[in-house]
Amino acid sequence: MDEQSDGQTVDETGTNWAWGLRLEGLAASPRSSRHCVTMAEDLVLERCDLELEANGQDHHTADLCRERLVVRRGQPFRATLHFEGRNYESSVDKLTFSAVTGPAPSEEAGTKARFPLSDAVEEGAWTATVVDQQDSVLSLQFSTPAHAPIGLYRLSLEASTGYQGSSFVLGHFTLLFNCWCPADPVYLDSEEERREYVLTQQGFIYQGSAKFIKSIPWNFGQFEDGILDICLMLLDVNPKFLKDSGRDCSRRSNPVYVGRVVSGMVNCNDDQGVLLGRWDNNYGDGVSPMFWIGSVDILQRWKEGGCQRVKYGQCWVFAAVACTVLRCLGIPTRVVTNYNSAHDQNSNLLIEYFRNEFGEIEGDKSEMIWNFHCWVESWMTRPDLQPGYEGWQALDPTPQEKSEGTYCCGPVPVRAIKEGDLTTKYDAPFVFAEVNADVVDWIRQDDGSMHKSINRSLVVGLKISTKSVGRDEREDITHTYKYPEGSPEEREAFTRANHLNKLTEKEEKGVAMRIRVGQSMGVGNDFDVFAHITNDTGEDHACRLLLCARTVSYNGVLGPECGTKDLLDLTLEPFSGGVLQVEESVVCNTCLAQGRCQLRPPMMQRQHQEKSIPLRILYEKYRDCLTESNLIKVRGLLIEPATNSYLLAERDLYLENPEIKIRILGEPKQNRKLAAEVSLQNPLTVPLLGCIFTVEGAGLTEKQKAVEIPDPVEAGEVAKVRVDLMPRHVGLNKLVVNFESDKLKSVKGYRNVIIGPS
């Protein structure tokens, strides 16, 4: 820290240009010339109070204002000037202020402003007005434009009396986007949404599978110590800044531009970005993506390592870090998960799988259906696009494809995706394919020819999810990306997108198959899955059924087999043509007596010919090959040799981890020590070795804490540790926990902790 002559404490953890800006500010202080200035009876500034506490409360930045002023643009803030000797006299003294940001500030670029003390606020301009004046104290109000570039500013004063003049550095402040200001492009009119998407430091990210959605707690921690400086540093090492710093700083007035920069800087594929992605399950020289429980540790590692990439991230980690950065800068942001998400490289809206005669995928696997994929949405207007495209914009920081030469994606209006408007900036075709691509399976036969298979089990773009506003529940937002299936609006969107595959009528067969599960499935259990086959035709079908279970990563990459069955001679009996009465006639005697009810006929249901074929999956078979995604893919291939037809069905199974239990010990009060007892019961039949609990929570722990258990945890025994907490924030906080061991990895848990005032 460096104490300036104006009494302002300056945080030295800035960027190179910011450090230079501060040095310039120090030189400008009238420390050495104060005596001669006083002799000339000039106006001399003793100190400036930027009123951190009051401004922090008004600007929803109290947690950021511990050492430096942080305010939101388009909203006034207060400062108090304390003069030596005499006070300011409007008839004698002329006060002119300047606010500058960036290494080469200029008025033309909007990164420098000079403005006099005035009588009234001018809308959309930098202004300073008098609020109060007593003795040698002058209270001022500063107003900033709602379209000013965000970033670190130096605020200076030039005071002139007659022909004499002096300059003073009043201090430094950081300017953020302002979703409370109607003139700001990120304005949100719902206070509940503003709190959720800008101020809330914890949340959930959804994983698992479309039929078993799993919520993972995450500590975003955007107001934790040092995170704002790291976010500003991230902007200052982006390639656009390094190429033309003046233009980059000027463009930071635009949330579309900032969002695009952040999307590119969270990954490190073509810059000094934060995270290195890895998907091969070999994370020995870094940290497994499944281990992380918050963004703070990742961003701190990046800064402390000199902006060297942090190993490793996958889609939800990229999305969560981007969410932290964007919320910290003031842009309303949320993490979303899309189930059965397509990675379409060639923009033909088609994912083709080429399989051998057993249904196993062969050849190029660059285009895949990911079990789930995460990105972020940020709220902003789009003056660069046609009306109607304001609101939520999709941004995807996971490095998949290049956009204008950089590994980034978006922002693209979610509304444009729904309407099939693929000409919209940025990267609409890629995001549209993620939620709408069609899937075609080709089976290679013995003679080398390819035969198209029917697969009704895989629909791209399901259960698009985000955390609900103000509640620890999932909100389904699929309807914001897609019209109802089969609706006229959906056909119009597909026509607009030239999605020919989706517009083609699907061939219907009389034989159908799907994969069902019999019970809930936990890690360590043996369980059954079933191929459920129905025959609605009037004929026998002599078939062969191949069932196969393999472990799978969330991005669709398959592991070893953990269960198989091959039925060479499976006969499907014909549909009998009859119907089945499944409900007796029902009548309400009371209503019938009053003439208000009539006899309801029994419900009739068409009777299918059904077969249910079980496949047993044993823990001993998947134990050593289950990835940290906890996913197993079950595939059924039904072959009818007589007609040379193939029917494919697949399902991803999520195996549940045991529950982490968290007990709070003591009375939760601000700035009073508290403890948490964290425990987990070993569900396996073998001991767990190398057990570690990792705990963190914004406002509850100063840093992430890890507690090791030195002894093995035997089968059925409980692993238990105690962690000390020091609550800083009154209100709702979340304690987030991760558990690791040799045979049970990336088990997550959380506990809401309500902290009362001390």
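1. Is E708 buried or exposed? E708 is exposed, with a relative accessible area of 61%; here buried means under 20% relative accessible area, exposed over 50%, and partly exposed in between, with a 1.4 Å probe and protein chains only. E708 lies in strand β38. Setting aside neighbours within four places in sequence, E708 is in contact (heavy atoms within 4.5 Å) with C691 and I692. K720 is 12 residues along the chain from E708, and their C-alpha atoms are separated by 10.0 Å.

2. A quick word on what you're looking at. This is a predicted model, where local features need pLDDT of at least 70 and side-chain atom pairs count only at pLDDT 80 or more, while totals for chains, interfaces and linings use all residues. Residues are numbered from 1 along each chain as its sequence is written, and side-chain values use heavy atoms, leaving out hydrogens and water.

3. Now the whole chain. The protein chain has 17 helices and 41 strands; these are DSSP runs numbered from the N terminus, helices being H or I with at least four residues and strands E with at least two. Of the 758 residues, 55% are buried. Take the contacts with a separation of 6 or more: 68% of them join residues 24 or more positions apart.

4. β38 belongs to an open, antiparallel sheet of four strands, in the order β38-β37-β40-β41; two strands pair if DSSP finds at least two bridges between them. β38 (705-709) and β41 (747-755) are at the edges with a single partner strand each, so one side of each is left without a neighbour in the sheet. On average, neighbouring strands here are turned by 20° against each other, direction ignored (axes are lines fitted to C-alpha atoms, for helices over the stretch in contact, and angles run from 0 to 180 degrees between N-to-C directions). β40 (residues 731-740) and β41 pair over nine bridges, and L735 stands opposite R751 in β41.

5. β40 also turns up in a pocket. The second largest pocket holds about 860 Å³ of space, and α3 (52-58), α4 (191-199) and β40 each give two or more residues to its lining. Of its 29 lining residues, R195, L199, T200, V730 and L732 lie nearest the centre. On a 1 Å grid over the protein atoms alone, a pocket is an open set of points with protein on both sides within 12 Å along at least five of seven lines; a cavity is a set where a 1.4 Å probe fits but cannot get out, and lining residues have an atom within 4 Å of a point.

6. Among the 17 residues lining the largest cavity, Y353, I369, G556, K633 and E650 are the closest to its centre. β19 gives the most to this lining, with three residues.

7. Finally, have a look at β34, one of the strands supplying at least two residues of that cavity lining. In β34, 10 of 10 residues are buried. S645, L647, A649, R651 and L653 point one way, and Y646, L648, E650, D652 and Y654 the other. β34 pairs with β33 in the antiparallel sense over 10 bridges, but with β23 (residues 450-455) in the parallel sense over two. In the hairpin of β33 and β34, N644 takes a positive phi near 55°.

Note on methods:
Grid points are joined across faces, edges and corners, and a volume is the space filled by probe spheres set on the points.
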